[in-house]
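Please keep the coordinates open while reading.

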Amino acid sequence: MALHIHEAWILLFVLPGLVTPAAINHEDYPADEGDQTSSNDNLIFDDYRGKGCVDDSGFVYKLGERFFPGHSNCPCVCTEDGPVCDQPECPKIHPKCTKVEHNGCCPECKEVKNFCEYHGKNYKILEEFKPSPCEWCRCEPSNEVHCVVADCAVPECVNPVYEPEQCCPVCKNGPNCFAGTTIIPAGIEVKVDDCNICHCHNGDWWKPAQCSKRECQGKQAL
């Protein structure tokens, strides 16, 4: 039977209504994983609060029992409030310690360098050395260098000189003193001119010479 165009449009609007929600089977469309209830929600874990302590590895300790938790090298005691760990006052590590171990409750220095460093050089313990002509130094057991600077005595002459590798000035020509502008040796009388004989003061080389006037002809004494 042929349908008119008007009747065909009526069928197009009626047929969609024949499909009802009851015709869709939900078993054919499994739910998403997020909509499924996890079976883990029904698991029951043991509660050890007030009964014991559990370390990082899952081991259970009784109240009053001592143990070493994974995050600490110090022993702990299991209490009702949880682990109570020892916190001792650890000794200070030597500033020149080259090897520190953390196996125990406190860090421990296992190796201290047995030498001293001074101006870029290494010296053995109790070794003595002179970094300069005026310094005397020693490497102490504490790995520190102690130095003493030489205290030079007053030279026994008026014209001391500094020699290489020597800290204090030396009198190359022996003790002497000034007689006017003339340098005379100590210990003897020296005739400095036709009118004067001079000698140095014993021990006081920096003082001018002591001179005695003698007869002279037309010359002025010092």
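**Sheet, disulfides and cores**

Lys191 stands opposite Ile197 of strand β16. The model is a predicted one.

**The three-stranded sheet**

- The strands β15, β16 and β17 form an open sheet in the order β15-β16-β17, and the pairing is antiparallel.
- The edges are taken by β15 (190-191) and β17, each with a single partner strand, so one side of each has no neighbour in the sheet.
- Two bridges hold the antiparallel pairing of β15 with β16.

**Disulfide Cys198-Cys211**

- The sulfur atoms of Cys198 and Cys211 are 1.8 Å apart, and the two residues form a disulfide.
- The torsion about this S-S bond is about 105°, so the disulfide of Cys198 and Cys211 is right-handed.
- Cys198 belongs to strand β16 (residues 196-199) and Cys211 to strand β17 (residues 210-213), so the pair ties together parts that lie 13 residues apart in sequence.
- Cys198 counts as buried because its relative accessibility is 0%, a value under the 20% limit.
- Cys211 is partly exposed, its relative accessible area being 33%.

**Nonpolar cores**

- The largest nonpolar core has eight residues: Cys177, Ala179, Ile184, Val190, Cys198, Cys200, Trp205 and Ala209.
- Another core, of seven residues, lies apart from that one, and Tyr123, Phe129, Cys137 and Cys139 are among its members.
- Which residues does Cys200 touch, not counting residues up to four places away in sequence? They are Asn176, Cys177, Ile184, Pro185, Ala186 and Trp205.

**Disulfide Cys116-Cys139**

- Cys116 is joined to Cys139 by a disulfide with an S to S distance of 1.9 Å.
- The link of Cys116 and Cys139 is right-handed, with 80° about the S-S bond.
- The pair links distant parts of the chain, with Cys116 in strand β8 (residues 115-118) and Cys139 in strand β11 (residues 135-139), 23 residues apart.
- Cys116 is buried, at 0% relative accessibility.
- Cys139 is buried as well, at 0% relative accessibility.

**Disulfide Cys90-Cys106**

- Cys90 and Cys106 form a disulfide in which the sulfur atoms are 2.0 Å apart.
- This disulfide of Cys90 and Cys106 is left-handed because the torsion about its S-S bond is about -75°.
- Distant parts of the chain are linked here, 16 residues apart: Cys90 is in the loop between β5 (82-85) and β6 (97-101), and Cys106 is in the loop between β6 and β7 (108-112).
- Cys90 is partly exposed, with a relative accessible area of 31%.
- Cys106 is partly exposed too, with a relative accessible area of 21%.

**Loop residue Asn143**

- Asn143 is found in the loop between β11 and β12 (145-149).
- Is Asn143 buried or exposed? Asn143 counts as buried, at 5% relative accessibility.
- Leaving aside neighbours within four places in sequence, the contacts of Asn143 are His94, Lys96, Val112, Lys113, Asn114, Phe115, Cys116 and Ile125.
- One of these contacts, Cys116, is also a partner in the disulfide with Cys139.

How values were computed:
Residues are numbered from 1 along each chain as its sequence is written. This is a predicted model: local features need pLDDT of at least 70, side-chain atom pairs count only at pLDDT 80 or more; totals for chains, interfaces and linings use all residues. Side-chain values use heavy atoms; hydrogens and water are left out. A nonpolar core is a set of buried Ala, Val, Leu, Ile, Met, Phe, Trp, Tyr and Cys residues joined through side-chain atoms within 4.5 Å. Buried means under 20% relative accessible area, exposed over 50%, partly exposed in between (1.4 Å probe, protein chains only). Contact means heavy atoms within 4.5 Å. A disulfide is a pair of cysteine sulfur atoms within 2.5 Å. Helices (H or I, at least four residues) and strands (E, at least two) are DSSP runs, numbered from the N terminus. Two strands pair if DSSP finds at least two bridges between them.
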